[in-house]
Amino acid sequence: MTDKDNQLIASFFQHAAEEQIADNGFTRRVINRLPADTARQSHLWTLFCVVIAAVLFYVSGVWVDVLINIKVFVANLPLHGLPTLNPLPWMVVVATFLGLCIYEAHQREQLA
């Protein structure tokens, strides 16, 4: 860009920064009414749900089946090898994980 373009952009943003929109204190009232500890409550709720899920996982005995399946999978892995495994479920897991990471980063960026 040229120096003239930079001056035009700077003058445009300077003019926009000086402009004030009257809201009669609406923004301040909204911010004052927001709960202060929302993030803490969210973390506590997440922790509570994880603990309940872990307790249910243990009490239901599903963990025994999971361990048996992992043991069988690892024991049979040398017989079949990795090339015979279907890569589609792994791609779905990776795509879902990446999508969640991108979504979380986008949400954090909007809050900042």
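These legends walk through several views of one predicted model.

View 1. The chain has 5 helices and 0 strands, and from the N terminus on its elements read α-α-α-α-α. Its radius of gyration is 27 Å, well over the 13 Å that the globule rule gives for 112 residues, so the chain is more spread out than a compact globule. Taken along the principal axes, the C-alpha atoms fill a box of roughly 70 × 45 × 15 Å.

**View 2. The surface of the chain.** How much of the chain is buried? Buried residues make up 1% of the 112 residues. The accessible surface comes to about 10700 Å², and 70% of that area belongs to carbon and sulfur atoms.

**View 3. Helix 1, a hardly covered helix.** Helix 1 takes in residues 3–18. Its 16 residues should span 22 Å at 1.5 Å a residue, and the end C-alpha atoms are 23 Å apart, which agrees. If you look for buried residues in helix 1, the count is 0.

View 4. For context, most residues other than glycine have a negative phi. Asn 24 has a relative accessible area of 72%; the cut-off for exposed is over 50%, so this residue counts as exposed.

**View 5. Helix 3 and the glycine just after it.** Helix 3 covers residues 38–60, 23 residues in total. From first C-alpha to last, helix 3 reaches 33 Å, close to the 33 Å expected at 1.5 Å a residue. Just after helix 3 comes Gly 61, with a positive phi of about 80°.

View 6. Which side chains meet in a salt bridge? They are those of Glu 104 and Arg 108, at 3.1 Å from N to O. The structure holds 1 salt bridge. As a reminder, side chains of opposite charge can pair when their charged atoms come close. Both partners, Glu 104 and Arg 108, lie in helix 5 (residues 87–111), where they are 4 residues apart, about one turn of the helix. Glu 104 is partly exposed, with a relative accessible area of 38%, whereas Arg 108 is exposed, at 58%.

Definitions and conventions: Residues are numbered from 1 along each chain as its sequence is written. Side-chain values use heavy atoms; hydrogens and water are left out. A salt bridge is a side-chain nitrogen of Lys or Arg within 4 Å of a carboxyl oxygen of Asp or Glu. Helices (H or I, at least four residues) and strands (E, at least two) are DSSP runs, numbered from the N terminus. Buried means under 20% relative accessible area, exposed over 50%, partly exposed in between (1.4 Å probe, protein chains only). The radius of gyration is taken over C-alpha atoms; the globule rule is 2.2 Å times the number of residues to the power 0.38. Accessible areas come from the Shrake-Rupley method with a 1.4 Å probe; for residues, only the protein chains shown count as cover. The expected span of a helix is 1.5 Å times one less than its number of residues.
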